[in-house]
Amino acid sequence: MTPEQLSATIVDVLQALVDDGALTLPDGVPATVNVERPRQKEHGDYATNVALQLGKKAGMNPRAFADLVAAKLGASDGVKQVDIAGPGFLNIFVEAGAQGEVAAAIVAAGPAYGRLETLAGQRINVEFISANPTGPLHLGHTRWAVLGDAIGRVLSAAGADVTREFYINDRGVQMNNFARSIIASALGEPTPEDGYAGGYIDDLAKAVEEARPGIFQLEGEERVAAVREVGYAIQLEEQQETLERFNTHFDVWFSELSLHEEGQETGGVPHTLARLKDLGHVYEEGGALWMRTTDFGDDKDRVLIKSDGELTYFASDTAYYLDKRARGFEHCIYLLGADHHGYVNRLKAMASCVGDDPAQTLDVMIGQLVKILRDGQELKLSKRAGTIVTLNELAEEIGVDALRYSLARYPADSPLVLDVAEITKASNDNPVYYVQYAHARTCRMIANAADLAMSLEGAVAAFDPTLLDHERDGELLRALAAYPGVVATAAELREPHRIARYLEDTASAFNRWYDTKECRMLPQGDEPVAPANLARLVLVHAMQTVLRNGLDLLGVSAPERM
């Protein structure tokens, strides 16, 4: 019996009490009831505070309300005992057979276990990283490369239709500076002012020449434009390959420059300016065009067109938001760096200016900085980029799994310091190793079972859930049953770190179960394979399924050997 199944049973009990006239609930019977795992095992398998929540509404003392629910709930299938604690908490003990059925249900669901419909029908756009195509992705992009991807995975698991989008900042003076830096390298000249330096520029100069021989023989703006085009394509492709190697996937690579192309009818900048004028939220002052964002809580109005006629980034940001909405996204999630706190209010005000309710359509997340230490010193310099540590270098030194997991297990808004030695060591003190080793252990156990001709098919056919009756069996089953609820919460709060912490706790419950001789899966010595051994083989497969599914939501592999 899962928490969701028990919640549904309690709802049925409440409805029956209302139908019998034993209870009156003016607001009706709730669709769901909160069910939790108690901290102390003597308080039952599950607990609910439904009597405290509804007692007053029913015009009853919560304890008396709890008495009515407990009497009827105790007679429900799968419920062994219901105790009332304190002012009206219900502590619920589940029969071993009902709890054991969870293992078979998980195995039957396989990769679908934990995939929900709580966000079904919602179209969500998740925008993250959004880098300039002028250099390699670096440490500053790493956290969002993990969290943005994991948030997208978790939202998809909850049933949402998710598009993960990379906004390419390919418009502005930085692109010309980028081209001139490549040209300077190719011609052996000093890096221009506001240009880009580092070994990667030298590499790009060679790659640009190889892609288009003779390109540096062009002159003036023709050469700048040609080098900009070729260098941009090469650098963008490198960013895309880097992210794929890092197991971060994007559905859309959106060009900022496209917002300024002729013919844009829905999300282009000209269309955006016309719409804002129609809504009455722009005005001219000092030769510039302003958006009146202070009407919606911003600390100052924002410039859309400067007095010299140049468009601002905010004009692009507004057009881009409207383009997303025109593409049918009901909710837009922005993942921004620690230096973008000021963007929160201005983006919300911008959404209001175009007629949306930002509470319904917009979610802006700010991520804090990450420091990586090696031998007690912060990593700051790169072999190829000169002043930055590239994502490729980090992945090579630390490993994709170790880096992704270590970044995913903390909330986005918490500053983070990671030590290379700590997150790469093969020790139970290292969370990623601990969880992955638990998965590898299930693989080894299943292989050992196969040597004794114990198959999953045979175990499922002979499965008797009542045989999973040890205290450690129940502890592990309750942990596995909680997984869908953890996914639902992680999706609702956009907090994939909840998945990581859940996996660590569940791996700990599995290890306690593994160390309990009464719960051994394999027969000892010359003992024949018993029904209890087969039941626990199903439980091990269920454990393997949950670990694999959870690690996949974090973009981390589930190795069969460690």
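**Notebook: burial, cores and surface**

I began with burial and noted that 52% of the 562 residues in the protein chain are buried. The model I am working from is predicted.

Entry on overall form. I looked up the secondary structure and recorded 21 helices and 14 strands for the protein chain. I then took the extent of the C-alpha trace along its principal axes, which is about 85 × 65 × 40 Å.

Entry on contacts. I considered pairs of residues at least 6 apart in sequence and in contact within the protein chain; 70% of these contacts join residues at least 24 apart.

Entry on the cores. Which residues have the most contacts inside the largest nonpolar core? I found these to be I129 and L155, in a core of 124 residues. Helix α21, spanning residues 531-553, gives the most to this core, with 12 residues. I next listed the neighbours of I129, leaving aside residues up to four places away in sequence. I129 touches L137, H141, W144, A145, F166, L243 and F250.

Entry on charge. How far apart are the mean positions of the positive and negative charges? I counted 52 positive and 82 negative charges in the protein chain, and their mean positions are 4 Å apart.

Definitions and conventions:
Residues are numbered from 1 along each chain as its sequence is written. This is a predicted model: local features need pLDDT of at least 70, side-chain atom pairs count only at pLDDT 80 or more; totals for chains, interfaces and linings use all residues. Side-chain values use heavy atoms; hydrogens and water are left out. A nonpolar core is a set of buried Ala, Val, Leu, Ile, Met, Phe, Trp, Tyr and Cys residues joined through side-chain atoms within 4.5 Å. Buried means under 20% relative accessible area, exposed over 50%, partly exposed in between (1.4 Å probe, protein chains only). Helices (H or I, at least four residues) and strands (E, at least two) are DSSP runs, numbered from the N terminus. Contact means heavy atoms within 4.5 Å. Lys and Arg count as positive and Asp and Glu as negative; His and the chain ends are not counted. The place of a charge is taken as NZ of Lys, CZ of Arg, CG of Asp or CD of Glu.
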